[in-house]
Amino acid sequence: MLGVPLWAAQAGADELWLVELEHNDGIRLQFQGAELELGSAALVGAAQFDDLRPGMHLAIQSRYGVAEQIRVRTAEPDP
């Protein structure tokens, strides 16, 4: 899975990331050489940010380097 942002159609700095999570320190999410701040992002598919574990596949909507929505796509890493 690529960690390259898919640019949203609207103007501005909105980005959609489809990634496999590498690290979550409670402040930033790291994946494929990039990182985003958690901020006050809406979380879908997990109860809390601490539930986000390495190997999870996520769809992250961000703006200016800060996550606005995080959706868990799969909770298990690829075999």
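User: With which residue does aspartate 25 form a salt bridge?

Analyst: This is a predicted model, in which local features need pLDDT of at least 70, side-chain atom pairs count only at pLDDT 80 or more, and totals for chains, interfaces and linings use all residues. Residues are numbered from 1 along each chain as its sequence is written, and side-chain values use heavy atoms, with hydrogens and water left out. A salt bridge is a side-chain nitrogen of Lys or Arg within 4 Å of a carboxyl oxygen of Asp or Glu. For aspartate 25 the closest N and O atoms are 3.2 Å apart, and the partner is arginine 28.

User: Is arginine 28 buried or exposed, or does it lie in between?

Analyst: Buried means under 20% relative accessible area, exposed means over 50%, and partly exposed lies in between (1.4 Å probe, protein chains only). The relative accessible area of arginine 28 is 29%.

User: Which residue forms a salt bridge with glutamate 35?

Analyst: Glutamate 35 is partly exposed, at 42% relative accessibility. The closest N and O atoms of its salt bridge are 3.6 Å apart, and the partner is arginine 28.

User: How many salt bridges does a search of the whole structure find?

Analyst: Side chains of opposite charge can pair when their charged atoms come close. Glutamate 68 is partly exposed at 39%, and arginine 63 is partly exposed at 32%. Across the whole structure, the number of salt bridges found is four.

User: How many strands does the protein chain have?

Analyst: Helices (H or I, at least four residues) and strands (E, at least two) are DSSP runs, numbered from the N terminus. The pattern along the sequence is β-β-β-β-β-β-β-β. The chain has zero helices, and its number of strands is eight.

User: In what sense do S7 and S8 run, and how many bridges join them?

Analyst: Two strands pair if DSSP finds at least two bridges between them. Within S8, threonine 74 is the bridge partner of histidine 57. S7 and S8 also form a hairpin with two residues between them. The two strands run antiparallel, and the number of bridges is seven.

User: Which residue of S8 is the bridge partner of leucine 43?

Analyst: S6 and S8 pair in the parallel sense over three bridges. For leucine 43, the bridge partner in S8 is isoleucine 70.

User: What is the phi of tyrosine 64?

Analyst: Tyrosine 64 lies in the loop between S7 and S8. It is exposed, with a relative accessible area of 63%. Although tyrosine 64 is a residue other than glycine, its phi is positive, near 55°.

User: Where is glutamine 32 placed?

Analyst: Glutamine 32 is not a glycine, yet it has a positive phi of about 35°. It is partly exposed, at 32% relative accessible area. Its place is the loop between S4 and strand S5 (34-37).

User: Which residues does phenylalanine 49 touch, not counting residues up to four places away in sequence?

Analyst: Phenylalanine 49 sits in the loop between strand S6 (42-44) and strand S7 (57-63), and at 23% relative accessibility it is partly exposed. Contact means heavy atoms within 4.5 Å. Phenylalanine 49 and asparagine 24 are 25 residues apart in sequence and 8.3 Å apart in space, C-alpha to C-alpha. With residues up to four places away left out, phenylalanine 49 touches Asn24, Leu38, Ala41, Leu43 and Ile70.
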